[in-house]
Amino acid sequence: MRVLLIEDHKPLLKALQRGLEEEGFAVDIAEDGEVGEYKGRTASYDAVVLDLMLPKKDGLTVLKEWRKAGVNTHVLLLTAKDTTEDKVTGLDLGADDYLTKPFQLEELLARLRALIRRSHQIKDPQLRIFDLEIDTSARTVKRGGQSIHLTPREFALLQFLAYHRGKVVTRSMIWEHLYDEYDENTSNVVDVYIRYLRTKIDKGFETPLILTRWGEGYMLRGESD
């Protein structure tokens with residue numbers, strides 16, 4: 001999943017970026033409101049982490065401009081202000097959740113996972129596709145009761161396919177949501193990771209779950225496929 005992180009305090013920015021990337025997120029960053037507003041308006045993100053106190057353009061202004069422009073990405077606000085007024089204002093302007101500093105990384109990750117599930121209209125963190133079980137909170141995968149070890153990038157790809165189960169996702173869609181703006185991989189890396197996933201998820205099982213739609217993209221088998 002791809003996240004935009006807008007925070008001007010560099011130590012916190014780098015710590016959050018590192019923590020998110022270790023959990024398999026692709027992370028774009030911005031250190032002021034002007035750059036953050038532009039990135040959030042011109043690129044596709046699964047969620048945005050937005051600090052309220054930013055140089056050049058504050059977080060509430062950024063949020064207001066996004067919503068006015070029709071940007072509907074889920075936004076998690078970060079604020080050092082622990083007042084009801086700040087929280088109410090942010091939520092009324094279109095924020096989806098908030099965290100008051102200081103906070104634990106684990107809570108930020110949990111809230112982001114919940115927002116991303118919400119954007120796909122999924123409530124249960126446990127996803128089940130035939131005999132495949134994906135725990136999006138614990139980041140574990142089993143098939144036929146057997147545990148399968150996936151790298152963070154492989155898990156992110158499987159989760160993305162699962163959120164779009166039964167629907168074709170193109171290579172460009174996968175690239176857009178799994179790689180950050182500075183990733184230097186070539187476009188065929190998507191096919192490489194699909195091959196890795198097939199080896200781990202489908203090999204040795206009678207029913208293949210990862211399907212190719214030639215000329216279109218890939219999909220995770222739906223109920224009717």
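Guide: The lining of the second largest cavity is made up of R153, L157, I174, L178, Y179, V189, V190 and Y193. A cavity here is a set of points, on a 1 Å grid over the protein atoms alone, where a 1.4 Å probe fits but cannot get out, and lining residues have an atom within 4 Å of a point. The elements that give two or more residues to this lining are α6, α7 (171-178) and α8 (189-201); helices are DSSP runs (H or I, at least four residues), numbered from the N terminus. The largest share, three residues, comes from α8. By type, the lining of the second largest cavity divides into seven nonpolar residues, no polar and one charged. Ala, Val, Leu, Ile, Met, Phe, Trp, Tyr, Cys and Pro count as nonpolar, Asp, Glu, Lys and Arg as charged, and the others, Gly among them, as polar.

The model is predicted: local features need pLDDT of at least 70 and side-chain atom pairs count only at pLDDT 80 or more, while totals for chains, interfaces and linings use all residues. Residues are numbered from 1 along each chain as its sequence is written, and side-chain values use heavy atoms, with hydrogens and water left out.

The volume of the second largest cavity is about 30 Å³, a volume being the space filled by probe spheres set on the points, which are joined across faces, edges and corners. A search of the whole structure finds two cavities of 30 Å³ or more. The largest cavity holds about 120 Å³ of space, and α6 gives the most to its lining, with five residues.

Definitions and conventions. 1 Å grid on protein atoms, 1.4 Å probe; cavity = no way out; pocket = protein on both sides within 12 Å on 5 of 7 lines; lining within 4 Å.
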